[in-house]
Amino acid sequence: MADLDLVAYRAVAMSHAQGLGMFEQVLGHEPVSAPGSGLIYALWVSDIAPIPARSNLNSVSVRLELTGLVLTPADGQPEDDVDVAVTGAVNGLMREYCGDFTLGGTVANIDLLGAHGPSLRAKLGYARFDSTTYRAATLTIPLIINAAWNEVP
């Protein structure tokens with residue numbers, strides 16, 4: 001059985017972000033306070049569920065959903081460049097995740113097109129930490145892990 005290896009999945013997903021060279025910080029957790037200035041990327045687990053269509057009487061395959069969060073202060077200057085920076089970061093991340101959709105062989109695949117739930121996607125909006133408003137993009141990164149757990153009567 002493959003079991004779930006969050007350390008491995010997160011390490012590869014974070015290395016893609018770090019390799020882009022555009023982030024001031026890459027965090028392996030959801031921020032609970034203002035993470036600072038510049039372009040920031042945070043990554044954490046948001047959902048884990050069995051996949052009936054990929055499981056059998058011996059093993060259970062799993063969909064493990066990572067959430068990625070791109071942040072930059074919303075009051076950056078010039079203001080027109082704030083969306084450009086966030087969208088550019090999302091583009092870079094999605095390009096990397098599509099280009100290595102097995103995360104270096106650690107997962108069966110990233111569910112790019114949503115065969116087993118929501119697809120790889122990003123939703124843009126705003127987030128507020130302490131007294132700072134950030135322009136934010138929240139990524140859904142669905143990982144498929146085959147035969148993660150034994151199914152034993």
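**View 1. Gly 21 and helix α1.** In this predicted model, α1 is followed by Gly 21, whose phi is positive, near 70 degrees. The helix itself covers residues 6-19, and its 14 residues reach 20 Å from first C-alpha to last, close to the 20 Å expected at 1.5 Å a residue; that expected span is 1.5 Å times one less than the number of residues. Helices (H or I, at least four residues) and strands (E, at least two) are DSSP runs numbered from the N terminus.

**View 2. The buried side of α1.** Look here for Tyr 9, Val 12, Ala 13, Met 14, His 16 and Ala 17, which are buried (under 20% relative accessible area, with exposed over 50% and partly exposed in between; 1.4 Å probe, protein chains only). They pack against β1, β2, β3, α2 and β6.

**View 3. Asp 3, ahead of the helix.** Asp 3 sits in the segment before α1 and counts as partly exposed because its relative accessibility is 46%. Leaving aside neighbours within four places in sequence, Asp 3 is in contact (heavy atoms within 4.5 Å) with Tyr 9, Ile 145, Ala 147, Ala 148 and Trp 149.

**View 4. The largest nonpolar core.** Such a core is a set of buried Ala, Val, Leu, Ile, Met, Phe, Trp, Tyr and Cys residues joined through side-chain atoms within 4.5 Å. Among the 30 members, Phe 23 is one of those touching the most others. β6 gives the most to this core, with six residues.

**Notes.** Residues are numbered from 1 along each chain as its sequence is written. Local features need pLDDT of at least 70, side-chain atom pairs count only at pLDDT 80 or more, and totals for chains, interfaces and linings use all residues, while side-chain values use heavy atoms, leaving out hydrogens and water.
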